Amino acid sequence: MAPDSVPVNVKYLRFVFWPLWFVLVPLLLAWLTMQLMLPADEHATSLLGKVRAFVQDQPVPALIVLFTLFEMVLYHYRHSLPLAGTAGVAGRSDVPQDLRRDYEQSIALLEEAESILKKYNRKIERRVPSSAREELRDALDELRERIEQEPFDAEAFTGAHELAARLTNRHLRHWQKSEFREYAESI
């Protein structure tokens, strides 16, 4: 099933999955954690006592920090959460759990590579030999085909993903965003 042709029931499930796991659950966990930390001991000098005093004095910032921490943990384990397989990665429920992160990364890789090739076309033509550009385009096309392939072929996808990532890194790394820039832009 191609990422663009997501069945209606999966689309609705995704509308339930994301708000449930990434809004309601972290908010509930943050609120429960705050409740467990109250009331603060006024004479506590331990770290826990200081944290409790902060939570009591600054409940909104404490809730925001706790929400963010729980959100980060849940997002890290998003492929293992209940309903994750049914909700699917990019609309696909047939991607094995151990390949879901790679599947997401491959979609991002395709988007980034296409953007770089389009934006820096002239510079790439000058610095990268035509045979290398052709090899890169073929690898990206192969990866796109493996992403859209029905049924999903894990072995073929893994090979295509590794080749496309290696060639993209080799030939386009001068134009790729650094990790620091990626984080800064997302913040």
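Me: In which helix of this predicted model does F67 lie?
Reply: The model is predicted. Helices are numbered from the N terminus. The run that covers residues 59–76 takes in F67. That places F67 in helix α3.

Me: Is F67 buried, partly exposed or exposed?
Reply: Buried means under 20% relative accessible area, and exposed means over 50%. F67 has 24% relative accessibility. That value falls in between, so F67 counts as partly exposed.

Me: Which residues does F67 touch, leaving out those up to four places away in sequence?
Reply: Start with P26. F67 and P26 are 41 residues apart in sequence, yet their C-alpha atoms are 5.3 Å apart in space. P26 is on the contact list of F67.

Me: Which residues make the nonpolar surface patch of about 390 Å²?
Reply: One of its members is L24, in helix α1 (residues 8–37). L24 is exposed, with a relative accessible area of 52%. A patch residue needs over 30%, so L24 passes that cut-off. The patch is made by V16, L20, V23, L24 and L83.

Me: Which residues form the positive surface patch?
Reply: Take R122, which sits in helix α6 (residues 121–127). Its relative accessible area is 66%, so R122 is exposed. Lys and Arg count as positive. The patch consists of R122, K123, R126 and R127.

Me: What is the nearest side chain of opposite charge to R133, and how far away is it?
Reply: R133 belongs to helix α7 (residues 130–148). R133 is buried but has no salt bridge. A salt bridge needs nitrogen and oxygen within 4 Å. The nearest opposite charge is on E125, at 5.2 Å.

Me: Which residues is R133 in contact with, beyond four places in sequence?
Reply: E125 is among them, although R133 forms no salt bridge. Contact asks for heavy atoms within 4.5 Å. The contacts are I124, E125 and V128.

Me: Which parts does the salt bridge between R144 and E114 tie together?
Reply: The two side chains meet at 3.3 Å, N to O. R144 lies in helix α7 and E114 in helix α5 (residues 100–119), so the bridge ties together parts 30 residues apart in sequence. R144 is partly exposed at 27%, and E114 is partly exposed at 35%. The parts joined are helix α7 and helix α5.

Me: Which residues are linked in a network of salt bridges?
Reply: R144 pairs with E114. R144 also meets D141, at 3.1 Å, N to O. D141 and R144 are three residues apart in helix α7, about one turn. The network links E114, D141 and R144.

Me: What is the N to O distance in the salt bridge of E142 and R146?
Reply: Both residues lie in helix α7, four residues apart, about one turn of the helix. E142 is partly exposed at 29%. R146 is partly exposed too, at 22%. Their side chains meet at 2.7 Å.

Me: How many helices and strands does the protein have?
Reply: The pattern along the sequence reads α-α-α-α-α-α-α-α-α. Of contacts between residues at least 6 apart in sequence, 68% join residues at least 24 apart. The count is nine helices and zero strands.

Me: What share of the residues count as buried?
Reply: The protein has 187 residues. Its accessible surface is about 12300 Å², with 58% belonging to carbon and sulfur atoms. The buried share is 30%.

Technical notes:
Residues numbered from 1 in each chain as written. Predicted model: local features only at pLDDT ≥ 70, side-chain atom pairs only at ≥ 80, totals over all residues. Heavy atoms only, no water. Patch = residues over 30% accessible without salt bridge, like charges linked within 9 Å, V, L, I, M, F, W, Y side chains within 5 Å. Areas by Shrake-Rupley, 256 points an atom, 1.4 Å probe, with all protein chains shown as cover. Charge placed at Lys NZ, Arg CZ, Asp CG, Glu CD. Helix = DSSP H or I, 4+ residues; strand = E, 2+ residues; numbered from the N terminus. Buried < 20%, exposed > 50% of the residue type's maximum accessible area, 1.4 Å probe, protein only.
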